[in-house]
Amino acid sequence: MPPSHPPASPVTLASLPRLLPGSTVIAAERVVHLIAGEDFRFTIQTGDATEVIARVLRDCQGDRPLAELLNGLGPAERDLAIRIVDRLRSERMLFDGRAMPTAGIPWRIDIEGTGSLAQQAREVWLGTSGSSCQPADAGTTRPMATPVIRVLVQQDLDLARVLEFNRRQLAGEADAWLWVTTGPLSRGYVSPVLLKRGRPCLECLLRHFRRLSPAPQLYDVLERPGEPAQFVPGDPAEPLARIVLEIAGWKLRRLGQTPAAASQFALHVVEANTLETALHPVWLDPTCPGCGDG
Ligand SMILES: [Zn+2]
């Protein structure tokens with residue numbers, strides 16, 4: 001079977017292999033099972049090298065070169081490990097390099113969006129009521145050393161805007177991005193912190209919503225680019241607004257800290273009527289057209 005997403009370049013010993021976050025590696029008899037969510041399930045024939053390959057895969061955290069991970073392996077085990085790493089890259093199960101910029105440095109927060117919720121976000125997170133960076137000047141003047149997270153704050157159902165925002169971030173506007181919305185009115189969402197490589201994107205998330213929706217055809221309408229004026233934004237109830245902004249603010253404040261909290265990379269859903277808050281894992285969609293190049 002040919003690789004579904006051929007990587008641009010072959011794996012090298014200098015590569016920093018990193019398994020998809022949340023992966024589980026299970027050594028069983030003469031195979032290794034690799035599981036991440038419902039879309040990624042592999043059984044790898046590893047024969048006598050099962051324990052060795054399982055150890056190498058568990059060590060694929062994006063922080064050590066492949067050469068180091070292969071230390072002490074015999075020639076046959078090395079060849080097998082390299083073949084498996086290469087194959088997993090082509091399947092978007094494994095990526096090269098760290099997911100996050102170096103920890104311990106402050107991030108710059110850019111906020112996009114209009115309306116009362118975005119205004120409140122600027123006041124709470126930036127201590128300003130002024131407008132923030134707009135898309136046109138995105139990423140052109142910032143010092144390279146300052147990582148940037150861009151946040152889209154919405155209170156309408158303009159999903160075309162979400163996809164357009166997502167595309168710009170995937171193209172390199174920011175180092176990470178986040179979506180906060182009370183557009184559905186009955187609930188508020190705070191997306192996972194999204195990263196360019198090896199993580200789900202907002203299109204993955206919307207495709208997930210669509211699959212769960214009793215009326216998926218509505219997504220066709222909502223995701224079609226149109227005039228922003230066709231959306232009538234609803235001001236969220238004050239408690240809902242405060243809670244989603246507090247959750248998002250916590251995700252933003254934790255960016256420079258290690259270890260990262262798993263819940264930073266989960267979807268938070270807050271019910272407007274009860275304020276019940278739930279966390280849901282969001283998996284990379286292997287067929288997502290947004291981040292599909294891996
Ligand atoms: Zn995606």
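Begin by selecting Val-31, which touches Thr-43, Ile-44, Gln-45, Thr-46 and Thr-50 when residues up to four places away in sequence are left out; touching, or being in contact, means that the C-beta atoms of two residues, placed from the backbone, lie within 7 Å. The model in your viewer is predicted, and for that reason local features are described at pLDDT of at least 70 and side-chain atom pairs at pLDDT 80 or more, while totals for chains, interfaces and linings use all residues. Residue numbers start from 1 along each chain as its sequence is written.

**The whole chain**

Among contacts with a separation of 6 or more in the chain, 74% join residues 24 or more positions apart.

Return to Val-31, which lies in strand S3, residues 31-36, and which counts as partly exposed because it has 17 C-beta neighbours inside 10 Å.

Now keep H1 and H3 on screen together. Their axes come within 10 Å and cross at roughly 45°, where an axis is a line fitted to C-alpha atoms, for helices over the stretch in contact, and the angle runs from 0 to 180 degrees between N-to-C directions. The two helices are therefore oblique to each other, since angles under 35 degrees count as roughly parallel, over 145 as roughly antiparallel, 65 to 115 as roughly perpendicular and the rest as oblique. H1 passes H3 in a right-handed crossing, meaning that the near helix is turned clockwise from the far one, while a left-handed crossing has it turned anticlockwise by less than a right angle. To see the contact itself, select Val-52, Ile-53 and Val-56 of H1 with Glu-77, Leu-80, Ala-81 and Ile-84 of H3. By class, this contact has 6 nonpolar, no polar and 1 charged residues, with Ala, Val, Leu, Ile, Met, Phe, Trp, Tyr, Cys and Pro counted as nonpolar, Asp, Glu, Lys and Arg as charged, and the others, Gly among them, as polar.

**Helices H5 and H6**

Next, select helix H5 (residues 159-170) and helix H6 (residues 202-212), which pack at an angle of about 145° with their axes 9 Å apart. Leu-159, Val-162, Leu-163 and Asn-166 of H5 make the contact with Leu-202, Glu-203 and Leu-206 of H6. Those residues divide into 5 nonpolar, 1 polar and 1 charged.

**Two leucines in loops**

In the loop between S8 and S9, find Leu-185, whose phi is near 65°, a positive value in a residue other than glycine. Then move to the loop between S11 and S12 for Leu-275, which is not a glycine and yet has a positive phi of about 65°. Leu-185 counts as partly exposed because 14 C-beta neighbours lie inside 10 Å, and Leu-275 is partly exposed with 13 other C-beta atoms within 10 Å.

**Asp-235 and helix H8**

Asp-235 sits in the loop between helix H7 (217-222) and H8, and with 11 C-beta neighbours inside 10 Å it counts as exposed. Leaving out residues up to four places away in sequence, Asp-235 touches Ser-116 and Gln-155.

Finally, select H8, which spans residues 238-253 and in which Leu-240, Ala-241, Ile-243, Val-244, Leu-245, Ala-248 and Lys-251 are buried. Their cover includes helix H4 (116-126) and strands S7 (148-154), S8 (176-181), S9 (187-190), S11 (266-271) and S12 (277-281). With H4 also displayed, look where its Leu-117, Gln-120, Ala-121, Val-124 and Trp-125 meet Ala-241, Leu-245, Gly-249 and Leu-252 of H8. This contact of H4 with H8 comprises 7 nonpolar, 2 polar and no charged residues.

Technical notes
Helix = DSSP H or I, 4+ residues; strand = E, 2+ residues; numbered from the N terminus. Expected span 1.5 Å × (residues − 1). Buried ≥ 20, exposed ≤ 12 C-beta atoms within 10 Å, placed from the backbone.
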